Number of protein chains: 2
Amino acid sequence: MPTSLRPSQALRLWHDVTFDLVRDGEHDLSARQMAVLLTVYLEMPPHTVRGLAAKLGVTKPAITRALDTMGRLGLVSRHRDAADRRNVVVQRTVAGALAVERLGDLIIARHKELPP
Amino acid sequence: MPTSLRPSQALRLWHDVTFDLVRDGEHDLSARQMAVLLTVYLEMPPHTVRGLAAKLGVTKPAITRALDTMGRLGLVSRHRDAADRRNVVVQRTVAGALAVERLGDLIIARHKELPP
DNA sequence: GCTAAATAGAACGGTTCCGAAACGATTGCG
DNA sequence: CGCAATCGTTTCGGAACCGTTCTATTTAGC
């Protein structure tokens, strides 16, 4: 575990990274979309619409729409589950992995710049 | 400066905090609104609509609307500048300070929980 | 004083997102 | 087989937000 963040550092970090995301305007993802994206890329698959909706505490159509948007951006892809064809599994993409990786780099860079 | 975050830790932190924000659903602020809120509470006043728009690289009406929403939520307040009555200065509120403080606590808590 | 510049906000049309409800497709169970 | 349950999606009306454009107010310069 890293050394503890102080409140001013924590907020400064959040501000700086959010600021970069808005300023660069690449993603323009809502908080929900960001939560879905990171859940898909950080947690163990498989990820279904229902599972994501339950985990995030939102409705299924909200997940469907988030996946629509992120699919349009190439950040995730959807695939029918062959075993149970009612299910849709959300899969990672190269572009999505790159975007997540860039976000990680951004957080780390801003974290390094934090005042002591 | 805290010890450096590793990529997996940085992304895990971002995921966990975003997840909490979505799950608890208290704020429901967009990335822009979050950037405005944290800028107002972290950077040196005074904050004008024009200044915030220039800093974030968005249009003035976008800032006006963000301030409308956040004012409705009681997170900020607006006042005409007495010196130059064309300007509106954005001021902090008790509720806003509390919300920002809670966000800081959330980030710190999630940061503490990060795997080594 | 009078005009020009600056500032915030309002109006407008288009886009996106929301939750609730309804719907088709699929599966499991009796 | 038949019927209920499950799953993802679509539809619907409403709300929020976007950028552009325009307006009202105020200030600065001549």
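Two strands count as paired if DSSP finds at least two bridges between them. Helices (H or I, at least four residues) and strands (E, at least two) are DSSP runs, numbered from the N terminus.

**Entry 1: ground rules**

I'm working on a predicted model, where local features need pLDDT of at least 70, side-chain atom pairs count only at pLDDT 80 or more, and totals for chains, interfaces and linings use all residues. Residues are numbered from 1 along each chain as its sequence is written, chains are lettered from A and ligands numbered from 1 in the order in which they are written, and side-chain values use heavy atoms, with hydrogens and water left out.

**Entry 2: the sheet in chain A**

I looked up S2(A) and found five bridges joining it to strand S3 (residues 88–92) of chain A, antiparallel. Within that pair, Val89(A) is the bridge partner of His79(A), and Ser77(A) sits opposite Gln91(A). S3(A) also pairs with S1(A), again antiparallel, over two bridges; here His47(A) faces Val90(A).

In what order do the three strands of the sheet run? I get S1-S3-S2 in chain A, an open sheet with antiparallel pairing. Strands S1 (47–48) and S2 (76–80) of chain A each have a single partner strand, so one side of each has no neighbour in the sheet.

Helix H4 (residues 60–72) of chain A packs on this sheet and touches S2 and S3 of chain A, where contact means heavy atoms within 4.5 Å. Its direction makes about 120° with that of S2(A). Axes here are lines fitted to C-alpha atoms, for helices over the stretch in contact, and angles run from 0 to 180 degrees between N-to-C directions.

**Entry 3: where chain A meets chain B**

I checked helix H3 (residues 49–56) of chain A against helix H1 (residues 7–24) of chain B: the axes come within 9 Å and cross at roughly 80°. That makes H3(A) roughly perpendicular to H1(B) (the label covers 65 to 115 degrees; under 35 is roughly parallel, over 145 roughly antiparallel, the rest oblique). From H3(A), Ala54(A), Lys55(A) and Leu56(A) meet Phe19(B), Val22(B) and Arg23(B) of H1(B). By class, this contact has four nonpolar, no polar and two charged residues. Ala, Val, Leu, Ile, Met, Phe, Trp, Tyr, Cys and Pro count as nonpolar, Asp, Glu, Lys and Arg as charged, and the others, Gly among them, as polar.

**Entry 4: DNA strand D**

How many residues surround DNA strand D? I got 21, the closest being Arg50(A), Lys60(A), Gln33(B), Arg65(B) and Thr69(B). A residue is near the strand if one of its heavy atoms lies within 4 Å of it. Sugar and phosphate make up 70% of the DNA strand D atoms that come within 4 Å of the protein.

Next I went through individual atom pairs. Arg78(A) has a side-chain N or O atom 3.0 Å from a phosphate oxygen of DNA strand D. Thr69(B) puts a polar side-chain atom 3.0 Å from a phosphate oxygen. Arg86(A) goes to a base oxygen instead, at 3.3 Å from a polar side-chain atom.

Which element gives the most to the surface near DNA strand D? H4(B) does, with four residues. That surface has six nonpolar, six polar and nine charged residues.

**Entry 5: cis prolines**

I found a cis peptide bond from Pro45(A) to Pro46(A), omega near 0°. Pro46(A) is in the loop between helix H2 (31–42) and S1 of chain A. Chain B has a cis bond joining Pro45(B) and Pro46(B), omega about 5°. Pro46(B) is in the loop between H2 and helix H3 (49–56) of chain B.

Note on methods:
Polar contact = N/O pair within 3.5 Å; in protein donor to acceptor, adjacent residues only side chain to side chain.
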